[in-house]
Amino acid sequence: MDGKNTSIKKRIHIHPYALAGLVPACFFLLFYFYPLSGIFMKSFFPKGKIDLFFLDQVFSSTRMIKIIWFTFWQAGLSTLLTLVCALPCAFVLSHYAFKGKKIIKILASIPFVLPAIVVATSLQACFGKNGVFFGVRLDHPLALILLAHIFYNFSVMLRIITGFWSSLQGRIREAAMVLGAGPWQVFLTITLPLLKPAIFAASILVFIFCFSSFGIVLILGGPSFSTIETEIYRQAAHLFNLPLASFLSLIQIGFTFALMWFYTSFTKRAVRFSPDAEQANLRKPVHLWEKMIIAGVVLFIILLCVVPLLALVMKSLTYNGEISLIFYTALFENRSDSIFYIPPFHAIKYSFLFAGGALIIAIITGVCAAFFIRFCDRNINNRLTSFFDPIFMLPLSTSAVTLGFGIIITLDKPPLNLRTSIFLIPIAHALVGFPFVLRSILPALRSIPEQLSDAASVLGASPLKIFRAVDLPLISKALVAGAIFAFTISLGEFGATIFTARPETPTIPVAIYRFLGQPGAMNYGQAMAISTLLMIVTAMGFVVIENFRIGNSEGF
């Protein structure tokens with residue numbers, strides 16, 4: 001009988017790494033899928049029974065049709081322009097070794113981790129009225145939107161394509177050259193077919209970011225250039241038309257979900273086509289034309305990624321044509337003596353508090369999700385991994401505005417009445433930062449040889465001890481990188497925060513938006529100053545992330 005009980009215990013024993021999947025699963029069910037279901041119910045059952053009156057508001061409205069068309073059109077054009085800018089730069093960075101290359105790669109990547117609202121203000125400072133870019137002005141909102149999307153997403157396209165293109169520079173290319181193929185023939189018949197999945201994956205990801213762009217379009221576009229994302233905010237926050245806002249959210253969710261499915265498909269194909277990981281055969285430029293191409297790429301990256309940030313700094317330090325710190329000192333003063341005034345310093349304090357809370361939530365859920373996926377990889381089958389990995393990436397393809405809107409309209413009843421809770425903001429921020437934490441930790445976890453855990457288990461170590469003594473030390477750098485990602489993304493999150501933040505607890509992006517919405521040079525200058533501070537913090541965070549990045553990883 002004892003033997004039978006022992007065998008039953010063995011059969012029902014569940015590995016802790018399998019149980020770890022319950023943490024992100026519960027988190028997603030409560031704070032992702034439940035709010036999305038609330039959006040669905042608000043769309044089709046606004047008064048407890050099915051009501052489709054909002055369909056007429058959408059499909060019979062010329063304005064709505066134009067908004068939907070413009071959303072697709074600007075996202076497609078932004079993606080195409082970003083690809084045109086990134087491909088030549090990816091070629092140079094994946095083929096040549098030159099001095100200062102690491103610095104250039106960091107400078108090219110910083111815009112992506114900057115808050116969208118900082119990107120918008122930096123483009124305004126550089127090319128808007130009284131811009132500082134050699135007198136060049138771009139007054140047209142559409143031109144500023146497209147330029148901001150290129151500036152913001154250039155690093156995504158560059159890193160994904162560069163990382164994969166570098167891995168193709170080894171034996172495959174050499175073998176083709178030995179067989180008599182010329183450079184163009186190698187590119188057209190070997191490199192390009194292998195590179196296509198990476199190009200498509202990067203393009204789809206950039207399209208998703210442009211399609212769901214909020215802060216950039218809201219600030220630079222104004223009411224004349226609305227997208228689905230900004231219209232959701234307008235219908236919900238200003239017109240209180242929740243059914244219509246919910247239906248627009250469903251349109252956006254359905255399309256971005258489909259795009260994310262294609263993205264994961266192309267990512268898998270890119271991995272499959274890639275040869276064994278090896279150090280890329282980078283060569284030093286010898287010919288004059290090679291040096292000129294490299295110089296041109298370096299100059300382009302500096303003009304695109306650095307000059308707008310320098311313009312932002314210059315605007316924050318210039319008052320009446322002179323260098324001054326008046327905008328920075330004004331952040332700590334109530335010049336209007338208003339009883340409703342909330343010092344920007346409070347926004348900085350709340351931003352750091354919320355970012356700390358989001359970091360803790362995102363790290364706990366991200367680590368549990370990574371160990372669960374690694375367990376499925378090694379002990380169950382790849383089908384389960386293929387299901388959960390895209391599921392955990394869904395917040396990346398869901399707009400922050402939709403997330404914030406869904407949370408507000410659903411988490412307002414017991415036992416989850418969090419609408420007025422201060423914890424709502426870090427929860428929303430953790431959802432946005434979670435995919436980045438997972439993508440930071442999972443590659444490091446998968447790189448750990450399975451034999452290490454097996455050997456420790458044979459020697460009598462429990463799963464918890466294996467986690468502490470084997471896995472945790474080996475993923476510590478990736479864990480730090482993921483934590484910084486979660487922290488910096490929370491600091492700059494704007495789309496969900498504009499729904500969830502209370503007036504007395506604003507964050508830095510909300511404070512920037514308030515300053516930009518008020519007339520006067522002092523308000524505009526304070527927006528530049530606080531944007532500069534936020535830019536410095538996020539840029540420093542990214543530099544630290546680069547130092548902790550695993551191996552030669554270039555992806556996101």
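How much accessible surface does the chain have, and what share of it belongs to carbon and sulfur atoms? The accessible surface comes to about 25,600 Å², with 68% belonging to carbon and sulfur atoms; accessible areas come from the Shrake-Rupley method with a 1.4 Å probe, and for residues only the protein chains shown count as cover. The structure is a predicted model, in which local features need pLDDT of at least 70 and side-chain atom pairs count only at pLDDT 80 or more, while totals for chains, interfaces and linings use all residues. Residues are numbered from 1 along each chain as its sequence is written, and side-chain values use heavy atoms, with hydrogens and water left out.

Confidence comes next. The chain averages a pLDDT (the predictor's confidence in each residue, from 0 to 100) of 79, and 83% of the residues score at least 70. Helix H5 (residues 62–95) has the highest confidence, at a mean of 92, whereas helix H1 (residues 2–12) has the lowest, at 47. Over residues 6–12 the pLDDT is below 50, and this stretch has zero contacts in the model beyond near neighbours in sequence; a contact means heavy atoms within 4.5 Å. Residues 271–280 also stay under 50, but there the model has twelve contacts beyond four places in sequence. Where pLDDT is low, the predicted coordinates should not be read in detail.

The secondary structure comes to 26 helices and four strands, taken as DSSP runs numbered from the N terminus (helices H or I, at least four residues; strands E, at least two). Of the 556 residues, 53% count as buried, where buried means under 20% relative accessible area, exposed over 50% and partly exposed in between (1.4 Å probe, protein chains only). Among contacts with a separation of 6 or more, 81% are between residues 24 or more positions apart.

Leaving out residues up to four places away in sequence, Ile-161 touches Leu-83, Leu-87, Ala-90, Leu-195, Ala-198, Ile-199 and Ala-202.

Helix H12 (residues 228–238) is largely enclosed by the rest of the structure, because eight of its eleven residues are buried. Glu-231, at a relative accessible area of 0%, is buried, and this residue takes part in salt bridges with Arg-63, at 2.9 Å between the closest N and O atoms, and with Arg-234, at 3.0 Å. A salt bridge is a side-chain nitrogen of Lys or Arg within 4 Å of a carboxyl oxygen of Asp or Glu. Since Glu-231 lies in helix H12 and Arg-63 in helix H5, their pair ties together parts that are 168 residues apart in sequence. Glu-231 and Arg-234, by contrast, are three residues apart in helix H12, separated by about one helical turn. Both arginines are partly exposed, Arg-63 at 34% and Arg-234 at 32%. Together, Arg-63, Glu-231 and Arg-234 are linked in a network of salt bridges.

The whole structure holds three salt bridges. One of them joins Asp-471 to Arg-374, with the closest N and O atoms 3.2 Å apart. Asp-471 and Arg-374 are both buried.
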